[in-house]
Amino acid sequence: MSIEKGKAYLSRFGIEDRVREFDVSSATVELAAQALGVKGQRIAKSLSFKVGDEAILVIAAGDAKVDNKKYKATFSTKAKMLTPDEVESMIGHRVGGVCPFGINEGVKTYLDESLKRFDTVFPVVGSSNSAVELTPDELEKYAQGFSGWVDVCKVVEE
């Protein structure tokens with residue numbers, strides 16, 4: 001199970017006990033926000049893309065959307081999301097539980113600037129009913145395959 005992979009990865013840093021599991025789904029920004037009792041913008045959502053033949057993750061605030069112009073300027077290619085099957089095989093987690101913890105080797109993880117507005121954010125931990133609260137600096141420290149901060153999203157006002 002992916003939750004076990006995520007927890008095992010976080011145990012390397014001694015923070016697996018901070019993982020929260022819910023009786024309800026946290027597979028979408030809205031569901032995660034409800035489960036945690038926070039605003040959706042604080043959910044750190046994982047966006048899975050293909051760059052050439054490789055998969056990358058962009059972790060962004062829950063209220064952020066990819067800005068195609070910024071994405072192309074950063075990655076020198078058009079944004080192409082992975083299919084659900086590609087996500088599982090290339091990233092190592094199923095859609096709804098994708099996170100930068102316990103992912104396949106070689107996957108690069110980028111953190112979007114949209115996360116820096118918050119003291120803490122909540123990425124999932126490999127399952128559709130989990131989360132961990134981290135500061136943006138902690139997320140940078142613990143994100144597997146961390147490759148840098150990027151500015152490829154725009155915040156969508158609610």
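Predicted model: local features only at pLDDT ≥ 70, side-chain atom pairs only at ≥ 80, totals over all residues.
Why is strand β5 largely enclosed by the rest of the structure?

**View 1. Strand β5 sits between two parallel partners, β3 and β7.** Residues are numbered from 1 along each chain as its sequence is written, and side-chain values use heavy atoms, with hydrogens and water left out. Now to the strand: β5 covers residues 108–112, and four of these five residues are buried, so the rest of the structure largely encloses it. Buried here means under 20% relative accessible area, while exposed means over 50% and partly exposed is in between (1.4 Å probe, protein chains only). Strands are DSSP runs of E with at least two residues, helices are runs of H or I with at least four, and both are numbered from the N terminus. Strands count as paired if DSSP finds at least two bridges between them. Strand β3 (residues 54–61) runs parallel to β5 and is joined to it by four bridges, with Val58 standing opposite Tyr110. Strand β7 (residues 146–150) is also parallel to β5, again through four bridges, and here Asp112 has Val150 as its bridge partner.

**View 2. Strands β2 and β3 make a hairpin.** These two run antiparallel and are held by eight bridges. Val51 is the bridge partner of Glu54 in β3. Two residues lie between the strands, and Gly52 takes a positive phi near 65 degrees.

**View 3. Val58 is tucked into strand β3.** With 0% relative accessibility, Val58 counts as buried. Contact means heavy atoms within 4.5 Å. Leaving aside neighbours within four places in sequence, Val58 is in contact with Lys45, Ser46, Leu47, Phe49, Phe75, Tyr110, Asp112 and Val152. Pro100 is 42 residues from Val58 in sequence, yet their C-alpha atoms are 9.1 Å apart in space.

**View 4. The largest nonpolar core has 40 residues.** A nonpolar core is a set of buried Ala, Val, Leu, Ile, Met, Phe, Trp, Tyr and Cys residues joined through side-chain atoms within 4.5 Å. The residues with the most contacts inside this one are Leu10, Val58, Phe75, Ile91, Phe101, Leu115 and Leu139. At least two core residues come from each of α1 (2–11), β2 (44–51), β3, α3 (68–75), α4 (84–91), β5 and α5 (136–142). Strand β3 gives the largest share, seven residues. Take Phe75 as an example: not counting residues up to four places away in sequence, Phe75 touches Val51, Ile56, Val58, Tyr110, Val150 and Val152. Apart from this core lies another of nine residues, including Ala33, Val38, Ile43 and Ala131.

**View 5. The largest pocket is lined by 27 residues.** Pockets are found on a 1 Å grid over the protein atoms alone: a pocket is an open set of points where a 1.4 Å probe fits, with protein on both sides within 12 Å along at least five of seven lines, and lining residues have an atom within 4 Å of a point. The space in the largest pocket is about 490 Å³, where grid points are joined across faces, edges and corners and the volume is the space filled by probe spheres set on the points. Ala27, Thr28, Val29, Lys45 and Ser46 lie nearest the centre. Two or more lining residues come from α2 (29–36) and from β2, and β2 gives the largest share, five residues.

**View 6. Ser76 and Arg117 are two loop residues.** Ser76 lies between α3 and α4. Though not a glycine, Ser76 has a positive phi of about 55 degrees, and at 64% relative accessibility Ser76 counts as exposed. Arg117 sits between β5 and β6 (130–131) and is partly exposed at 41% relative accessibility. Arg117 touches Gln41, Ala61, Asp63 and Val155, not counting residues up to four places away in sequence.
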